[in-house]
Amino acid sequence: MKRRSITFVIILICFLLESSIFHRLSFAMIKPNLLIVVTSSFGFMRGRKEGMFVGVISGMLIDLFWGSTLGFNMLVYAVIGYMNGTFQRMFYDDDVKLPIVLIGTSELIYGLITYVCVYMLRGDFAFFTHLINIILPELVYTIMVTLVLYQIILHINKKLEAEEQRSASKFV
Amino acid sequence: MKTKNQSSFSSKYWLIIITVVCVILLGIERFTDGGGPLRFLAGYTVIPMQEGISYVGRFMSDMTDNFETLEDMKKKNEKLQSKVDELTIDNTRLRQEQYELERLRELYKLDENYSDYEKIGAHVIANNGSNWYTDFTIDKGSNDGVQVNSNVLAGSGLAGIVTEVGPTYARVRSIIDDASNVSAMMLSTSDTCMVRGDLELMADGRLHFEKLANNDNEIEAGEQVVTSHVSSRFLQGLFIGYVSEIEVDSNNLTRSGYITPAVDFSKLQEVLVITTTKQDMLSEDKDSNEGD
């Protein structure tokens, strides 16, 4: 229960930060994507199932407040969380390369899917314009933010895991 | 790890369930508009938090302003700025009326007046967090008379249009959004054109205009662009911006170019919402005509 509420609070805080402070901190109108960092890191830290549910909640918030149709981002984020979950076995706390590669790839996939499903289906075929103006800058900025945000999430997760182990050993 | 088989089995099922739910939701969205109860719930839970954050942000930026400048200087500046905005609006309207007058001398029996539209002020409480859309949320909703398709002004220019309304909040799509299309006209010649937002131009805050007839009317950079009389969603005569570049299209029939908007979209804080929509005015006109 405690884990769930803390996870939810993390998602909510990132959501609120992104729509308020990061708008001020944006370079050339480009903001980092905090929710993909959260979804992706919960995916490889905690496994497919949790990554998927974090993805659903983040996607739902995005659809309700920033998107146009309910369900689209929910699906994309859920799948991204699930796919990151399959890398749980390769994940070690002190390794920074894998998280950054995974988060970067997730961000890239998210950008490409959004372009294909929202813009290309509308008849906008200027792929390279979107790639250079939105997808790549967002990717770079997100990776920069990841370096900080990921450490915070990792730290919170470690604390929670230690606590869970303590309370589990108490019962044994 | 220990329950590997079991967990991977059930997570696969969960993925399928979630996918089906999302696809159903996407399907439902096509037939109904709005997110229904979920959006209603979210409106009452998340919006207050956003309001809180933006309140703190405003408070803090006010504080730093106080430290930076003398208080009365700031007040004076604010007063002058609002005066400038007011005068710009007035000026636009007056110039428009002047051109109108010239035309009216030729065409009689055209009783249209640009009365002052009823406006309410609102704070911007949240921006769109994704880079694909440019919309923002304001803290006034249907309780204050905001409706879908209400026009939103910032300073002296048009900022956007309300696309979604809740009891205490409204979502505004700004005119630089990629999906935004505004029917506009050149102030001096009344030639209509389409002003389109473009994702590519968003970064430097410019707008694209197209389908301006390539006739004898000379249009130069610096020309004022306002919303047109043929638009079904935008009230007539709202100031959009200045023409910055113009060229004749390769088909030789139309002209297109770029507009520098009057609103700085990167730092929107307070906006004005016009509570009467164009549809209201049109139906009113219809009623009064039928009454005659």
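Predicted model: local features only at pLDDT ≥ 70, side-chain atom pairs only at ≥ 80, totals over all residues.
View 1. A residue is buried if 20 or more other C-beta atoms, placed from the backbone, lie within 10 Å of its own. Helices are DSSP runs of H or I with at least four residues, and strands are runs of E with at least two, numbered from the N terminus. Just after helix 3, A:Gly47 has a positive phi of about 105°.

**View 2. Where chain A touches chain B.** On this side, 34 residues of chain A are in contact with 33 residues of chain B, contact meaning C-beta atoms, placed from the backbone, within 7 Å. Helix 4 of chain A gives the most to its side, with 7 residues. That side divides into 19 nonpolar, 10 polar and 5 charged residues. Ala, Val, Leu, Ile, Met, Phe, Trp, Tyr, Cys and Pro count as nonpolar, Asp, Glu, Lys and Arg as charged, and the others, Gly among them, as polar.

**View 3. Chain B.** Chain B has 5 helices and 12 strands. Of its 292 residues, 32% count as buried.

**Notes.** Residues are numbered from 1 along each chain as its sequence is written, and chains are lettered from A and ligands numbered from 1 in the order in which they are written. Local features need pLDDT of at least 70 and side-chain atom pairs count only at pLDDT 80 or more, while totals for chains, interfaces and linings use all residues.

Note on methods
Buried ≥ 20, exposed ≤ 12 C-beta atoms within 10 Å, placed from the backbone. Contact = placed C-beta atoms within 7 Å.
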